[in-house]
Every structure is written in structure tokens, then in C-alpha cells.
Amino acid sequence: GTPQKYDPTFKGPIYDRGCTDIICCVLLVVAIVGYVVVGVVAWTHGDPRKVIHPTDSRGQFCGQQGTSNEKKPFLFYFDIVKCASPLVLLEFQCPTTQICVSKCPDRYMTYMTAYGNPTSLQYYRDFCTPEFGNSQKGPIEVLKDKECPAMLIPSTPLARRCFPAIQAKKGVIMVGNETTYDDGRGHRRNVTELLEGAKKANVVLETRQLAMKIFEDYTVSWYWIIIGLVIAMVASLIFIVLLRFLAGIMVWVMIVMVILVLGYGIFHCYMEYAKLKGEAGSDVSLTDLGFQTDLRVYLHLRQTWLAFLIILCVLELVIVLLLIFLRKRILIAIALIKEASRAIGHVMSSLLFPLCTFFLLCLCIAYWASTAVFLSTSNEAVYKVFNESTCPFSGQTCNPETFNTSNVTKLCPDAQCLFAFYGGETAYHKYLIVLQFFNVFMFFWLANFVIALGQVTLAGAFASYYWAFKKPDDMPAFPLFSAFGRALRYHTGSLAFGSLVLAIVQVIRVTLEYLDHRLKAAENKFAKFLLSCLKCCFWCLEKFIKFLNRNAYIMIAVYGTNFCTSARNAFFLQAHPSLVSRVAVLDKVTDFLFFLGKLLIVGSVGILAFFFFTQRIKLVQDTAPSLNYYWVPILTVIVGSYLIAHGFFSVYGMCVDTLFLCFLEDLERNDGSAEKPYFMSQNLRKLLKK
């Protein structure tokens, strides 16, 4: 880059600045207004009850308050055999009459047998259509008009739908202790035909039971999870406070501790592997065992511990080799971290700033998710002709109110006008997919904008520290708030520009992932290869744009230039022939050190959670809750601890990047003479031999 002219009045971020990238700012405001309009339209037309409640053949919700179905929460199928599987039933309709019922049938009965018994018939009426009432029709006529089901089968509610209570006894499939059943039309049929109608019910049921058990585990362990997360937060705070005063020692202690923790892990895995030698069933392979909901089963396999052993050995080897080859770079990185610690010490409020970013991101996610649900449920009920025999009108839309008097019933006597799905023919319904796409695009744009706002605010605050010749006397009173105000007042357009470019790339990546998902079953290998190449290219492009944006935001925070100028200046500043290798390595070394810090905090809290929830700590053995799956709270604590540690370290990462870019700018501007003194600290100058 070209050296900047020396300016004796330059004391960090320029305050006398103008608005940048105004066109992008206007574009963002228009897009947000459009997004609000889409949300309002979606909320006006949408009905989330369609997701919660099943719908009968007339498109009415089962269990909906204020309707005739208020006390009828379950959906009952007249002939389940005509349905393929419950998983399909959750989305599409079956070519059989469906009604809302107060409870699922608990006994086997046919309409023919119930017709002659008043008590049985009274019970049977609960599963007939409202038109049946006290009809005096004969049984044949009732079945022909499809006013009542031909048979009732003992059923259980699943996802608010009645499915046959199929069970296996000694490998024989039965319903109510019977292997065959009367279909109500004088034929005996095998229960396996019912299984075809509900073959996936067991999978859904197991998933539901798993979800219930996980929910139970959360209810008994939530306060211990919170305690674990509080410990992670306190550990992160202590770690950062210690970094403030003992950066060099802390980094080396951290490195040694990570190596020791990994070493202990390797030793423990080897001992477990050796202990299981010769034990019955321990030599079963992971592929033969398959997926088990109880993860403790895997701990009894030698292959599991061997896999852990190999992973930890590779990780240990990689870390040791990196430390050997990058020891000089680590010293420079430590000096930068020390400088970052001093900067954070003068801007302590920066540690809490990620909470603001997190809150705004939660708002973006909540708005996107609710709009997506309302858009997907804003269709109208569409009715179609369903029939058992061939019919020219099959699959055509129909009106249930006029269907019985139409020509369709004359040409196709067994045809029915049933609720098919939610759709629509209006312009709004035709462009729903476009609105959903716009919803996804706006989510990415706004989420990236919020992250950009956080980055430029932190960069402005830390730059004001670096460019203060007399630290902290030359710093503004509230550097974080003044940086936030400058970013919103002058650079909303530049932030919108950077986040727009990133959002476009991310939307393309999401589209490619969707296409890849759709093409999984395809045989076209060239298409799959091309898609894989595109996915790889756009992944690299996204990483590069994120790196470019981050540095551009630092330059925006300091100089108040527009996005393109800032990105170019930052890029050429780091692409200096004498600095390019140093920049790349140093950036990754600091990332690596921060990763070790996160690993240490997450690993320590994770190990503590593991020993606590598996009741291996004798002091608190009786206090630990009884769980179905102990991995549920452990994984929650580990993921939560990582997010907390990442929040604190992201501030450090931004601080290091800002100081490093300011340091490069310092080298370009100044030469260390009395007329052009360096702004960097003495320690940094010694290490970099400047």
C-alpha cells in the first residue's frame, strides 16, 4: 500500500466523517420495510394451528377451541389400509374418509355386528360422520354412502392420529391378540395388511418416546445445567482476567494443560481398551451394533475406545508439531495478546457487548422462524376427488358443498370430495415460494448486518486505544458507545454492503445444499461432481469474504471510508510482500491459541459434567439426578460452555485483529523518529525488531 501522510493530529478513529455507501443504506431500509410488509401479510393469512392440529376430510381442525371439534382432538381414518405410512399421513391426505373423534377405538367391532346391538351401535356412532345422526338406513346403504367405517380396530393416538395398536408377540404381528380380522365386508384379512397402512408408526413412536425421555431429563437436570454454564462463564471471566496480567504465563500454562489433558485422555482410553480385552460382546463392531439411543452401550465396545485413542493421539501429535514449528510466531502472538489484554482492560464493557449482538441475532432468528411458519400455513383448504376405481375426474379440485349434485358422482359412484392439502390459486399463493426465499435471504442479510455492527463497534473501541499516544489519557471517555454511535450514524450503508455480499454467497450455498439433497437419489455422477465442486468453491469464497469484511470493518471504524475503499486498503496493507507470510501465520497462530483456550474451558467443564452426571464424584453422588440418558445434560453443558467461551474469546479475537491492522498501518505511517513516532508499545516493537 502507499504510505499514509504523517498527521500529528491523528489520534485514532477520525471523528469528522461523512456517511458512506448511502445507496446500500437506502436499499437496506427499503428491504426491511418490505420484510415487515411480508411478515404482516403472512401473519394475516397464516394459521399456525395447521401445524399443530390434524384436519378432517372437510379441512376442519381437530381439537380447535370454539368449534364443534373442540372436544375431539384425534383424527380417525375409516380405512387405514388405504394409507401408505403415518409419516406420509403427517403431510398428505389418504383416499379414505377422516373424522375428528374424542378418543380412539379401544375394541374390535364391525358395523354389521354393531347394527343389531343398540349398545354397540351407540358406541359405533362416535366414529361415524355427522350426517349419520340417527339414520334409519340399512347397514349396506350406510357403508355405501361412507357414513360409518366398515370396522373398528383397537387403536392408539400417535401425533393426534388414531393408528392400529399393532404389537408383535414371539415375532407374530397381532392386533388385540388376533392375527386376522374381519374387514366389515365379510372377508377375513391378515393383520400384516394393517401393518402396510401403519408400517412406519413404530419408528415415529420410538422417536416420540426418545423425545419424551430427553424432555424428562431436562426437567430434572435443568438447574444443574445452569450451574454448569455459570461455572463456564466464571471460568471464562477468570481466564480473561488472568490473561490481562499474566498473558505469557497463561498461554504457556494453557498449552501445557491441553497437552496434559489430552495425554490423560489417551492413557484413560488405552486402559479402558485393555480392560475390555476378552470381555464377552466387547469385540462387536460399531457397524454391526448400529445406532442405539442409550450411548452407554458403545462404552462396552473395544472399537469405541480404539477410535477415541486414535483421535486423541492424532490431536496430540498435531498440537506438539505446531508448537515446535511455530514457537517464534507464538511469542509474537503472545505479545499481541498481552496488548489486547491491556486494551480490553481499558474497555471492560467490550466483554459484555457480545450479549447485545446475541440478543439482536435472537430477534432476527425469531422473526425469520415465525414468518416462515405463518407463510407455510397461509394456504387455503383445497379439496380433490378421491376414488378407489378408475375415474376421469380423479385428482381434480372439487367443492364439497356441491359435490353430491355434480356429474362426478353420477359417472364415478364411489368418488369422494375430500380435503387434500392447503394451497391456493391467488397471486399471493402462487408467489409463496418467492416470499419464503425472500424471508431466508433477509434473515442472512440482517444476521450478517448485526454481526458486522458488533465487529465495527469493537474495532472502533480498540482502535481508539491503539492510536492514543498517551494511554489511556488520549482515549475518549466511553470508547465503545462512541464507536457504536459512529457506526450506526455514518456507516449503516457500508455495513449493509458487506453483509449483502456475504448474504448472497450464503443463499447460493443453501441453494446448492438443497439441490445436493434432491440429487442424492439421482444416478447422474457428472451433476453430483459439478455440484460438489461448486459447493467447495462457494465455501472458500464465503471464508474469504468473511476475512475481507472483518478487516474492511476495522478500516471503516478507523478512517470512516466506504466499504470498497476500506476492503482494498486493508487487503493491500496485509498483502505487503514483506508482511504477507507473517500476517497469514500470525492470524492463524492467535486463532489456534484462542482455540486452545476454548478447548481448555469446554474440556474442563465437560469432564466435570461427565463425572457429576454419571455419579462418579462420591461427595455429590446422591445429589446427581437420575437420568434416562446422561449424555443429554452433558452435551448441553458442553455446547453451552463453548458458546459462552466463544463469546468472550471473540472479543479478544477482534481486539487482536484490530491491533494488528493498526500496527501495520503504524508501520506504513511512521518510522519511529521523533517527528514520526510509533504508537505501538515497547514490547511489541522489540519482538518485531522495529
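In the hairpin of S5 and S6, which residue takes a positive phi? Ala159 does so, with a phi near 55 degrees, in a hairpin that has 2 residues between the strands. The model is predicted: local features need pLDDT of at least 70 and side-chain atom pairs count only at pLDDT 80 or more, whereas totals for chains, interfaces and linings use all residues. Residues are numbered from 1 along each chain as its sequence is written, and side-chain values use heavy atoms, with hydrogens and water left out.

Strands S5 (residues 155–158) and S6 run antiparallel, joined by 4 bridges; strands pair if DSSP finds at least two bridges between them. Strands are DSSP runs (E, at least two residues) and helices likewise (H or I, at least four), numbered from the N terminus. Thr156 has Phe163 as its bridge partner in S6. From strand S6 (residues 161–164), Arg161 and Phe163 point one way and Cys162 and Pro164 the other, and all are buried (under 20% relative accessible area, 1.4 Å probe, protein chains only).

The whole structure holds 4 disulfides, each a pair of cysteine sulfur atoms within 2.5 Å. Among them are these:

| Pair | S to S distance |
|---|---|
| Cys62 and Cys100 | 2.0 Å |
| Cys104 and Cys162 | 2.0 Å |
| Cys398 and Cys417 | 2.1 Å |

The torsion about the S-S bond of Cys62 and Cys100 is about -75 degrees, so this disulfide is left-handed. The link of Cys104 and Cys162 is left-handed, with -85 degrees. For Cys398 and Cys417 the torsion is about 100 degrees, and the disulfide is therefore right-handed. Cys269 is buried, with a relative accessible area of 5%; its sulfur is 8.6 Å from the closest cysteine sulfur, in Cys313, too far for a bond.

Note on methods
Buried means under 20% relative accessible area, exposed over 50%, partly exposed in between (1.4 Å probe, protein chains only).
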